Amino acid sequence: MDRINSRISQVYGYAVCLITVVVMLIAIKQVVDAAFDLSDPIRADGGGYGRMGRPITNFELYKMEARNQARTGNGPQPATVKVSADSALSDADLKRMYDAEREAAIGNARFRAIRSLVGNILLIVLAGILFVIHWRWLKARDSVPLT
């Protein structure tokens with residue numbers, strides 16, 4: 001019976017160590033992804049497109065897409081800017097919309113990346129602590145001979 005309990009505790013210890021290594025590898029990958037998102041928050045989630053489906057990597061592209069959408073009637077129009085069917089948005093209006101959408105996208109991407117970094121670094125630390133505790137316990141347990 002003592003040998004069965006010894007085997008069960010040994011399997012438990014090695015299983016915890018294996019699981020913590022897998023968790024750390026996954027969390028490390030998430031830390032790298034979050035670091036890339038922080039380095040270029042515009043392209044982090046939306047691939048460079050804002051809430052309205054317009055590119056926010058470049059104002060000229062944004063302006064061209066907004067004018068194209070207004071001309072064809074496709075795509076959403078912001079509620080804050082009232083536009084009649086025959087008028088076009090001025091460059092100043094488009095620039096304000098572009099800046100607001102860009103800042104919102106950057107802020108959201110930064111928040112998500114920082115939250116991911118903190119959470120995954122904490123996960124790596126906790127998994128590392130669990131690994132060390134269980135590994136030392138296994139080594140100490142294995143060094144004691146069974147009677």
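User: Which exposed residues sit on the face of helix H2 turned away from its buried side?

Analyst: That face of H2 carries Met64 and Arg71. Exposed means over 50% relative accessible area, buried under 20%, and partly exposed in between (1.4 Å probe, protein chains only). Helices are DSSP runs (H or I, at least four residues), numbered from the N terminus, while strands are E runs of at least two.

User: What kind of model is this, and how are residues numbered?

Analyst: The model is predicted: local features need pLDDT of at least 70 and side-chain atom pairs pLDDT 80 or more, while totals for chains, interfaces and linings use all residues. Numbering starts from 1 along each chain as its sequence is written, and side-chain values use heavy atoms, leaving out hydrogens and water.

User: How many residues does H2 have, and how far does it reach?

Analyst: To judge a helix, compare its reach with the expected span, 1.5 Å times one less than its number of residues. H2 covers residues 59–72, which makes 14 residues. From first C-alpha to last, H2 reaches 20 Å, close to the 20 Å expected.

User: Which residues of H2 are buried?

Analyst: They are Phe59, Tyr62, Lys63, Ala66 and Gln69. Look down the axis of H2: these buried residues fall within an arc of 130°, so they line one face of the helix. The arc is taken from the directions from the helix axis to the C-beta atoms.

User: What covers the buried residues of H2?

Analyst: Helix H3 (91–143) is included in that cover. Contact here means heavy atoms within 4.5 Å.

User: Which residues make up the largest nonpolar core?

Analyst: A nonpolar core joins buried Ala, Val, Leu, Ile, Met, Phe, Trp, Tyr and Cys residues through side-chain atoms within 4.5 Å. The largest here has eleven residues: Ile42, Met52, Ile56, Phe59, Tyr62, Ala66, Leu89, Leu94, Met97, Tyr98 and Ile106. H2 and H3 are the elements that give two or more residues to this core. H3 gives the most, with four.

User: How many salt bridges does the structure hold?

Analyst: Look for a side-chain nitrogen of Lys or Arg within 4 Å of a carboxyl oxygen of Asp or Glu; that is a salt bridge. This structure holds eight. Take lysine 29 and aspartate 33: their closest N and O atoms are 2.4 Å apart. Both lie in helix H1 (residues 2–39), four residues apart, about one turn of the helix.

User: Lysine 63 was listed as buried in H2. Which residue is its salt-bridge partner?

Analyst: Glutamate 60, with closest N and O atoms 3.4 Å apart. Lysine 63 is buried, with a relative accessible area of 14%. Glutamate 60 is partly exposed, at 48%.

User: Where does arginine 141 find a partner?

Analyst: Its side chain meets that of aspartate 142 in a salt bridge (2.8 Å, N to O). Arginine 141 is buried at 18%, whereas aspartate 142 is partly exposed at 37%. Elsewhere, salt bridges that share partners join Glu60, Lys63, Arg67 and Asp91 into one network.
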